[in-house]
Each structure stands twice: as C-alpha cells, then as structure tokens.
Amino acid sequence: MILFTTDLLFGSKILGAAKYAGLRGQGVRNRASLAQHAAGATHFFLDLEAELADGESPDALLDAALGHPHLRVYAFAGHLQADKLRAAQRLLAGGPHEVHSRGSLHARLAEIIPPAPPAAKEGA
C-alpha cells in the first residue's frame, strides 16, 4: 500500500488500516518514489490537497500511478475541494479506481482494506 499525503493525522488512519489488514504501508513524496515502490503495492492513496515538491502535481502523480495497472488508486480531498475531486474523477474514469472526500474514504477504509482474518489458534 502506497500513500501520498502531508496530513499526518489522516495519513496515520490510512496506514493504521493497512497495518490492521496485514499490509505494509509506504509513504511516497514524488513520482520517483512511487515508481520505486509500485511493484510491491496493490493500493495507492493520493491526497489531492497535499503540498507537492517542485515539478510535481496531483495529476502527474495520478498519471504515474495509472502507469502501474496493478495499482488501485484512491484519490481523496476535503469535501469543499469539489473542483479537485471532479478533476480526479475525470482522470480516473473507466477504471477500478475511486475518488472520495476524506469523510467518505474514512468511512470506507475497512471495506477498501479489509482487516486480516485472525490467525487460527494452535490446537484448535
């Protein structure tokens, strides 16, 4: 699972859900870092409101993620960021990807990254 956000609180919720699901969460800061970690990931969470490094944009990161067909992309932003959410929906249309407000994504995290089943007890 790959995550790009500068919101530490919301990022910790996503990373916590990944850990609870038995997935390793990896934060990325740019396209190069995304490319480095994409092969071992199944999910990419992109905060459309995050501050980006020079030469980076949410659209560029979305395009880069779409270059890895095995990644399922989840773009998110605050519900007041309607323009950013609509732009991401246009870019991600026609695929298995999703665009959410922060509240919607938080509500669906357990569905998107289901918790790992409890380990079978020995001798049971």
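Predicted model: local features only at pLDDT ≥ 70, side-chain atom pairs only at ≥ 80, totals over all residues.

Guide: Let's start with helix 5, residues 102–112, where Arg102, Leu105, Leu109 and Ile112 are buried, meaning under 20% relative accessible area, with exposed being over 50% and partly exposed in between (1.4 Å probe, protein chains only). Helices (H or I, at least four residues) and strands (E, at least two) are DSSP runs, numbered from the N terminus. An α-helix has 3.6 residues a turn, so residues three or four places apart point the same way.

Residues are numbered from 1 along each chain as its sequence is written, and side-chain values use heavy atoms, with hydrogens and water left out.

What does the buried side of helix 5 pack against? Its partners are helix 1 (8–20), strand 3 (43–47), strand 4 (72–77) and strand 5 (98–101), with contact meaning heavy atoms within 4.5 Å.

Now for the cores, each a set of buried Ala, Val, Leu, Ile, Met, Phe, Trp, Tyr and Cys residues joined through side-chain atoms within 4.5 Å. The largest nonpolar core has 21 residues, of which Phe44, Leu48 and Leu62 touch the most other members. At least two residues of this core come from each of strand 1, helix 2 (31–38), strand 3, helix 3 (58–66), strand 4 and helix 4 (82–92). Leu109 from helix 5 turns up in a second, separate core of 14 residues, which also includes Met1, Ile14 and Tyr74. Tyr74 is also among the contacts of Phe44 once neighbours within four places in sequence are left aside, and that list includes Ile2, Phe4, Leu61 and Val73 too.

Over in helix 3 you'll also find Asp59, which counts as partly exposed because its relative accessibility is 43%. Asp59 and Leu91 are 32 residues apart in sequence, yet 8.0 Å apart in space, C-alpha to C-alpha.
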